[in-house]
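Subject: Structure for you to look at

Hi,

Here is the structure I promised to send over. Please open it alongside this message, and my notes follow below.

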Amino acid sequence: MGNISNKNIGSPSQRQLRVSELIKRKLADLILRMDFFDAHFSSASISVSEVRCTPDLKIAKAYVLGVGKSKTEEIIDLLNSNKRELRYQLGKSLELKYTPEIKFIKDTSIDQMLRTEKLLKETKK
């Protein structure tokens with residue numbers, strides 16, 4: 001019998017972490033060379049900051065951020081409208097039994113970091 005008390009419930013397994021990192025790299029490569037972007041988005045810089053997979057590896061949440069003057073909401077809408085093609089292309093390059101469904105989400109970690117930094121500066125005054 002396995003000892004469940006030693007496992008950290010809620011934290012991702014090593015396999016989840018490995019697959020998430022692999023998907024992040026492959027997805028960034030696909031977005032970089034995909035031709036579904038129109039002229040407005042072809043010059044946009046898109047950053048895939050993190051990918052988190054569910055324990056069964058069937059759903060992957062990709063946290064995306066538009067860098068520079070790019071509008072993140074429009075980029076996420078464009079990616080979500082093309083997620084079937086991205087999943088297909090991802091499945092061709094991954095060696096997984098099942099290609100996870102991709103959900104694109106706006107990355108708010110930088111905004112949170114800036115707010116925290118601002119609060120810390122205000123407390124020092």
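In these notes a residue is called buried under 20% relative accessible area, exposed over 50%, and partly exposed in between. By that cut-off Lys121 counts as exposed, because its relative accessibility is 53%. Please keep in mind that this is a predicted model.

Salt bridges

Glu117, at 39% relative accessibility, is partly exposed.

Searching the whole structure turns up four salt bridges. Another of them joins the side chains of Arg25 and Glu21, with 3.9 Å between N and O. This pair sits in helix H1, again four residues apart and so separated by about one helical turn. Arg25 is partly exposed at 48% relative accessible area, and Glu21 is partly exposed at 35%.

The pair formed by Lys106 and Glu73 has an N to O distance of 3.0 Å.

The core and helix H4

The largest nonpolar core has 21 residues, and those touching the most other members are Ile23, Ala62, Val64, Leu79, Leu86 and Phe104. At least two core residues come from each of helix H1 (14-33), strand E1 (45-53), strand E2 (59-67), helix H3 (72-81), helix H4 (83-93) and strand E3. The biggest contribution is that of H1, which gives five residues. In soluble globular proteins, nonpolar side chains tend to be buried together.

Which residues of H4 are buried? They are Leu86, Gln89 and Leu90. Because they cover an arc of only 105 degrees around the axis, they lie on the same side of H4. These buried residues pack against H1, H3 and E3. On the face of H4 turned away from that buried side you will find the exposed residues Arg84 and Lys92.

Strand E3 covers residues 101-106 and includes Lys103. With a relative accessible area of 34%, Lys103 is partly exposed. Leaving aside residues up to four places away in sequence, Lys103 touches Ile59, Ala60, Lys61 and Ala62. One of these, Ala62, is also among the core residues that touch the most other members. Lys103 and Arg52 are 51 residues apart in sequence, while their C-alpha atoms are 9.9 Å apart in space.

Finally, have a look at the nonpolar patch on the surface made by Ile110, Met113 and Leu114, which together have about 270 Å² of accessible area. Ile110 lies in helix H5, residues 109-124, and is partly exposed at 37% relative accessibility.

Best wishes

Technical notes. Residues are numbered from 1 along each chain as its sequence is written. This is a predicted model: local features need pLDDT of at least 70, side-chain atom pairs count only at pLDDT 80 or more; totals for chains, interfaces and linings use all residues. Side-chain values use heavy atoms; hydrogens and water are left out. Buried means under 20% relative accessible area, exposed over 50%, partly exposed in between (1.4 Å probe, protein chains only). Contact means heavy atoms within 4.5 Å. A nonpolar core is a set of buried Ala, Val, Leu, Ile, Met, Phe, Trp, Tyr and Cys residues joined through side-chain atoms within 4.5 Å. Patches are made of residues with over 30% relative accessible area and no salt bridge: like charges are joined within 9 Å, nonpolar side chains (Val, Leu, Ile, Met, Phe, Trp, Tyr) within 5 Å. Accessible areas come from the Shrake-Rupley method with a 1.4 Å probe; for residues, only the protein chains shown count as cover. The arc is that of the directions from the helix axis to the C-beta atoms.
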